Amino acid sequence: MKFKTFAAFVGPSVFMMILFIALPLISVFIQSFQITQPVMQNLEVETCTPGFLTQTCVTELKTVPVIGEDGKTVTTTEWTGLQSYRNVLQMDKVWEAVSAGRLGDILQIDFWKALRFTLMFTLVTLPLVIGVGLLIALTVNNAAKALRGPVIFVSLLPFIITPVIGSLSIYWLFVGDGILTAMMESWSGTNISMFAQAWTIELLMYFYRVWHVAPFAFVIFYAGLQTVNMDTLESAIIDGANRWERLRHVIIPHLMPLIVFIALIHLMDCYRVFDEIIGFRSQAHVISLQWLTVDFLTPDDAGNRAISRAAASAMLTMIGIVFLLIWPLRRTWKDHKGGAH
Amino acid sequence: MSSVSRALRQPFGLRFASGAFLAFWCLLAAFPIVWIAVMSIKSPRDAFASSPWDVIVGPATLARGEGLSILDIVLGLVVLYFAIRWAFTRLPGLVMQYSPPSLIVLGWLVGAAVYALVFLLVFFGLLPLILGALNSVLGPLGEPVLGLTTQHYVAVWGENEFYRNFLNSLFVTAGVVTVSLTVGTLAGYGLARSGSDLAFWLLIAALVFRALPHSVLVAGYLPWFINSAEILRPIFGDLSPTLYGQPWAVIAVMVSINQPFTIWMLRSFFQNIPSELDEAARVDGCSHFQAFRRVIMPVMWPGVITTGLFAFLLAYNDFLVTSLLLDAQNQTMVPAIAGYFNRETTTTDQVEAVAAAVSITAPLFLLVMVFQRQIVSGLTAGAVKG
C-alpha cells in the first residue's frame, strides 16, 4: 500500500486522535504550570445608611473582580511554575507528618489518600479477577453443553451493566437497612452500617470490581480453554500427573498470554477507577485519582473550576500510566523488532 | 468433548463442587440486577423492607390493591414465552423475506422496532385489558397475590421527564457508534493492510492513548470548550458555537476516546480477512478504495457489528465525560441519575432512582440477549490477536 492511500485511510482517525487526545494532553501539560484568575482590585466603597440627624456612612476597602467592557470579569493568566503541583501534593504537610512520625497523617491529604486507594484497588482486584475468571471458565467448561449458553448469558450481565448502575445496585443491597445488611445484622446481632467507615466501603468496591470484570476474564479464558492441546493433556495423564498438576503445568502455561493480556487491560482500567466512587457515594471516605481530577473540574459553590490544579493532578495521574505501560510497550517493541507476531 | 475418555472422567465430588460453584456464581451475577428490578415495582415500604420475602411478595403494595393474580402471572408468562420464541424462530425469516439484500441492516432495525412496538402494545396495552375483565369474573383465581406497581416508572418517565435524557442518550450513542465505525473501519483496514513502521507506531500510540484516564482529557477540553465561542470568533464570526453543553461536541470527544480501541479491534478483524481477496480485486483493476468498497465491505459486517457494540457500551455507560461536558438540559441518562442522589430524601425518591436505574439497564439486557455471540467473539478477538 502506497503511503498516500494509507494516509487517506487512516487520516480521519489520526486527525481525530490528534485533535481530541494529543492536543488536549499538551494543553493540560501547559495549564498545569499556569493559573488563570480574575483580576481583583481594591475599591473604597462608601455605604451610607439613614440615621438620626446625619447619615451614618462607612467607608470600606473591598476586593472585587474587575469587570471588562463586555460585562465579563477580566482574567489574567500567569506562569506559576510548580505551584499547582505543590497545591495538589502538599509536600510541606507530608514532611511535617514524616518528621512528626505520624505517617498515617499523610493519608489525610486528598492526593495521597486517592493514590493509596487507587494503587491498592488495582493490586487487590487483579489476582482476584484472574482467579475468579479462571475458576468460572473451568467450571463452565466442565458443565453440560446445554447449560453453557445460559450461563454465559447470565455471566455477561455484570460485565455489560453501566458501572455506575452496577455499583448502585450493590449499594442498594447494603444501604441503611438494605436486604443484605438486615441479614447480616440478624446473624451477628449487632447494628451494622456499611457506609459509615472507609474499610467496609472499600470492601464493597473490591467486590463490585471483581463482580464486574471477572466475566470478561472468564469469557477470554473460556475461549482459551477450547484450544488446549488434548494430546498434551493425555500424555500428562499417562505420565501420572494428577488434576492439580495438569492445571498447573499444562493449562495455565497455555493460558499465560491471555493472563498477561487480562492483567494489562485490568491494570489500565482499574487505574482509572471512578464510577464506583459515584455509585457508592464514597467521596467522604474513599476517593481515587481520577475522581480527584474530576472534583477539581466540577464548579464549586462560587462557580469556579480549579482548572490548573486539575491539570496538575491529571499530569501526576499520567506519571502512573507511564510506569504501567513501560513493560508491555518494551515487549511489543521487541516482538516487532523480532518480527514475531 | 462429547466422548470423554475414561482417564479424563471426573470423580463425583469434583463434578458436584464445580456445579455448585457455577450455580453460586450465576446467583451472584444475577442477584443485584434482578433484585433492583424487583424493588422497582414495589411500593417504597416493601422495596426497603428488611425481610426478603416481603420485598418479593410486597404486602404493602398488595394492600393498596395493586398486584398480579395467579391468572395474570400464568398468562403473562405464556405470552412472554411465545413472544420470545417467535422473535427467534419466525422474525429472522420475515426480515430476510421483506428487506432487500443490500439493506439487510436497515431491515433488521425496522424489524426490531416494529416487533418492539407490537410487543409493548400487546403486553402493556391489550393484555391488562383482557386480564382485568377475566380477573373480575374468576373470583379467587383473580385475587392479586403478588404486589406490583408501575407508579415509580410513571413518575420517572412522566413527571421527571426521563424521556428527555433517554432521547439525549439515544442521540449521543447513535452518533458515537456511526461516526466511530465509519472513521474506524477505514483506519482499521488501512492499518491491517500496511506493514509499515508508521502503522506500527500508530498502533502503539493508540495503545498509550487507550490507557489515558478520561479525566485527563476532559481537563484538557474544559477551558477550551467553555470559551470556544470567543476563540473561534476570528474564524467563524458570530456563528461560532460554545462547545460546552453541545451533544455533538460530546460525540466527537467520545469517538476520539474510543478510536484507539476501535482501530485495534477492527484491525484484528481485517487481518482475518484474507488479503488475497482484495489483491484479486486489485489485479482486476480496482483501486484500493474500490477494492475496499466492493470486496471488503460485503464481508466485514460481523467485525463491524461487534466493534459497534463496544462503541455503544462506551457511549451508553459513560458518566465522566457526559457529566462534565453537558449541561443540565441535554444531560444523558447515566449522569441524570446522579440528580436523584441530591434530592433522595424520602424512600419514594429512592425507589424512583431504582426505577430509573432499571430503565437504564433494560436496553443493555436486550442487547446481551440479541448479541451474546458477537459480544463473546469481540472479547476473545481482542485477546487472541492483540
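None of the ten residues of strand β3 of chain A (residues 56–65) is buried, so β3(A) lies largely in the open. Here a residue is called buried if 20 or more other C-beta atoms lie within 10 Å of its own, exposed if 12 or fewer, and partly exposed in between, with C-beta atoms placed from the backbone. Strands (E, at least two residues) and helices (H or I, at least four) are DSSP runs, numbered from the N terminus. The structure is a predicted model, so to speak of local features pLDDT has to be at least 70, and side-chain atom pairs count only at pLDDT 80 or more, while totals for chains, interfaces and linings use all residues. Residues are numbered from 1 along each chain as its sequence is written, and chains are lettered from A and ligands numbered from 1 in the order in which they are written.

Now for the partner of that strand. Strand β2 (residues 40–49) of chain A runs antiparallel to β3(A), and ten bridges join the two; strands pair if DSSP finds at least two bridges between them. Going into detail, N42(A) has T63(A) as its bridge partner in β3(A), and Q41(A) has V64(A). The two strands make a hairpin with six residues between them, and in the turn L53(A) has a positive phi of about 70°. As for burial, the number of buried residues among the ten of β2(A) is zero, so β2(A) lies largely in the open.

Next come the helices. Two packed helices are described by the angle between their axes and the distance between the axes. Axes are lines fitted to C-alpha atoms, for helices over the stretch in contact, and angles run from 0 to 180 degrees between N-to-C directions. In chain A, helix α6 (residues 163–174) packs against helix α8 (residues 198–225) at an angle of about 130°, with the axes 10 Å apart. That makes α6(A) oblique to α8(A); angles under 35 degrees count as roughly parallel, over 145 as roughly antiparallel, 65 to 115 as roughly perpendicular and the rest as oblique. The crossing of α6(A) and α8(A) is right-handed, where right-handed means that the near helix is turned clockwise from the far one by less than a right angle, and left-handed that it is turned anticlockwise. On the α6(A) side the contact uses P163(A), G166(A), S167(A), I170(A) and F174(A), and on the α8(A) side L204(A), Y208(A) and H212(A); residues are in contact if their C-beta atoms, placed from the backbone, lie within 7 Å. By class, this contact has five nonpolar, three polar and no charged residues. Ala, Val, Leu, Ile, Met, Phe, Trp, Tyr, Cys and Pro count as nonpolar, Asp, Glu, Lys and Arg as charged, and the others, Gly among them, as polar.

Over in chain B, helix α9 (residues 162–193) and helix α16 (residues 301–317) have axes that come within 9 Å and cross at roughly 140°. These two helices are therefore oblique to each other, and α9(B) passes α16(B) in a right-handed crossing. Among the residues making the contact are S169(B), V172(B) and G184(B) of α9(B), together with V304(B), G308(B) and Y316(B) of α16(B). The contact divides into nine nonpolar, seven polar and no charged residues.

The two chains also meet: 79 residues of chain B are in contact with 77 residues of chain A. Helix α1 (residues 12–40) of chain B gives the largest share of chain B's side, 15 residues. That side divides into 59 nonpolar, 17 polar and three charged residues. Helix α4 (residues 110–142) of chain A has an axis that comes within 9 Å of that of α1(B), crossing at roughly 120°, and this crossing is left-handed. The contact includes L135(A) and N142(A) of α4(A), and R15(B) and W25(B) of α1(B). Its residues divide into six nonpolar, three polar and one charged.

One buried residue is V358(B), with 22 other C-beta atoms within 10 Å, and V358(B) is found in helix α19 (residues 347–385). Leaving aside its neighbours within four places in sequence, V358(B) is in contact with I36(B), A37(B) and S40(B). V358(B) and S40(B) are 318 residues apart in sequence, yet 7.4 Å apart in space, C-alpha to C-alpha.
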